[in-house]
Every structure is written in structure tokens, then in C-alpha cells.
Amino acid sequence: MSSPSQVAAGFTITGLLDGASRTRGRYPVSEIAVADIADHPANAAYSMDPAGIAELAESIRQDGLTDLPLVRKVGDGSWQMVSGHRRKAAYALLAKDDPAYERMPCRVIEGIDDERAVTLLHAANYFTRALTVTERAAATEALRGDAVRLRSEDPSLSGMRVDDVKAAIIERQTGRKVSGKTIAREERLARRIAEDLSPEWAAEADRGNLSAEAVRSLAGMPKERQAEMHAAMEPWRRTKRELSDYVRSEGKTQVGPDGRIAKAARLVADFLESPPESPSAADLSLLREMALMTAPYADAGIDVRKRRRRASCPKSSK
């Protein structure tokens, strides 16, 4: 099986080019007019909040540009941003008062197609931006197509989970390690926030103000109840610990599922989230057995205790 570094080698900035192209002459730094660089459409998945841009602009004014943006030259000769949209927006803001910021130093990469540019954009964004929970999950989810394609094209990767391939792409691109399990966990958390939390709590969770345990607790409540809890919350609760403690204390008053069932459900969900490409016969057999075991409880109106007693009573000898 190929190692993660081998899998992702073609997705690094240097891996896109041959060895000689790593010289400054083939991978140059150029000053480009900010107005001439188009934003990449795929960056729409990420927030460009004005307050954050203004804060970044002030940092650039004081300390300079410490991390150069990456741009590419497209077929018609124009420029397109790959990584660095917030820095570009900060330069544009500074240029309103100081013409010195009308041009921005950029790393220039040529010869990459649209698909590869999108991959680089999402891989780079995973670590180089202050992402919300949802944005971080969007960055890794956007790499799924590339990871699936890589695995289908290379038979040696058939046993590697898609999330592990995505992790390898990100690590090779950014030089920072992330595990496939972390990616899967973050994507599950983002879906739970989007689907199961009321708008008020979803906003708190997306900003990282709730623990994963608090998110799970809220997800088990009706959204109407969640909204009531948020409205009744003391205004001084602002930190992650304060908000999570509040959810935990309020959640204790809610009638929740048996802890054993809840744990089993989480484990099954983890398996189904990233199942093996070819589930074994034993896996499939156990899944069918679990479905049969839980079928009698599917109807909420069934008296489970009565059914259990009936099943345990000795049959008539007639």
C-alpha cells in the first residue's frame, strides 16, 4: 500500500511541478495589482467577515505580509487567487487609504488545471484560516472527490479510508499533521450542528463555543426546547466552559435515552460514517442481526415491557 506521503505527493505545490521547477526562476514571487486578481469561486464556502478582514489589515499594516498568497495564471492570461483570499481583501482595504497596497507580493503557480486548483485551495484553507467548525468540515468534505478518485485509480489504496487519504493530502500540502479520525469526527459534528441544533445554539457551536458533549446533548432535544433554553440562559455565560456547563446542567432535566443504547448508536454511526469499501460477511451478518433485534422497538406505541413478558412466558401445551 502506498504511504500517505506518496498518495498526496501530486497535490503539493512542489509536487505539481518537476524537481527543477522548485527554483525561484520557475516558481517566482511577483507583485500583482490586487484589482487584477480574481477570487476563486470555490472560496464561497468560507466566511469573509468584514471585522476579521479589518483586523487582518491592521496586522499587515504593522507587521507586513508574513505569508505570501498563492495565485495562478489561467488560460486567458488573467490571475486567479488559489490561497490567500482574506489577505487579498485586507490589501484592498488598506489600498483605499494608501496606494502602496494596490500591489501585493504573491507566489505564482502555472500549469495547474481547475480541478487541481480547487484541491489546493481547500487543503491550504484547512490550517491557514481561522475556520469555524462548519468551514473546517467544508474544507475536508470538498476534498472527498479527489480522495475517492485517487483511491479508485490506484489499486494499492483500496484498503485506505477516504478520510485518511484526505488527511494525507492536507498534511502534504500544509506540512501539518491531521488524522483521518479527526476529519471524520469534525465532519460528523458539523452535520449534527447544521441538522439537529436550533439556530441560536448552532451559531454558538459553529464559533467553537460548545463542547462536543454539549452539542450531542442539545441534539437529543427538540429544537423548540433548545430555543427556550437559550432564551432563558443568563447573559453572563459567554465562554465555552460556561455555555457547555449550562447545557449539561439543563440537559440533566431532560429524559434521554439509556446510556447503553446511546453509546451503541454512536459506535454504529461511526462505523457507517466510514465503512470499509467491501464490508465483510461477518459485518453484514451482524448488521442484519441488529436490525432484527431492534425492529420490535421501532413503533413508539408498542408496550415494550408487555412484549418482553409475553416472549418470556411458557407456551401452552395444547
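## Strand pairing

V71 has M81 in β4 as its bridge partner. Strand β3 (residues 70–73) and strand β4 (residues 79–83) run antiparallel and are joined by 4 bridges. Here strands are DSSP runs of E with at least two residues, helices are runs of H or I with at least four residues, and both are numbered from the N terminus. Two strands count as paired if DSSP finds at least two bridges between them.

β3 and β4 belong to an open sheet of 5 strands in the order β1-β5-β3-β4-β2, with mixed pairing. The edge strands are β1 (29–33) and β2 (37–38), each of which pairs on one side only. Strands of a sheet pair through backbone hydrogen bonds, in either a parallel or an antiparallel sense.

## Basis of the model

This is a predicted model, in which local features need pLDDT of at least 70, side-chain atom pairs count only at pLDDT 80 or more, and totals for chains, interfaces and linings use all residues. Residues are numbered from 1 along each chain as its sequence is written, and side-chain values use heavy atoms, with hydrogens and water left out.

## Salt bridges within helices

The whole structure contains 17 salt bridges, a salt bridge being a side-chain nitrogen of Lys or Arg within 4 Å of a carboxyl oxygen of Asp or Glu. One of them links R61 to E58, with the closest N and O atoms 3.3 Å apart. Both residues lie in helix α2 (residues 50–63), 3 residues apart, or about one turn of the helix. R61 is partly exposed, with a relative accessible area of 43%, and E58 is partly exposed at 34%. For these labels, buried means under 20% relative accessible area, exposed over 50%, and partly exposed in between (1.4 Å probe, protein chains only).

In helix α6, R149 and E153 are 4 residues apart, about one turn of the helix. Their salt bridge has its closest N and O atoms 3.5 Å apart. R149 counts as partly exposed at 26% relative accessibility, while E153 counts as exposed at 52%.

D163 forms a salt bridge with R144, the closest N and O atoms being 3.9 Å apart. D163 is in helix α7 (residues 162–174) and R144 in helix α6 (residues 144–153), so the pair ties together parts that are 19 residues apart in sequence. D163 counts as buried at 5% relative accessibility, whereas R144 counts as partly exposed at 27%.
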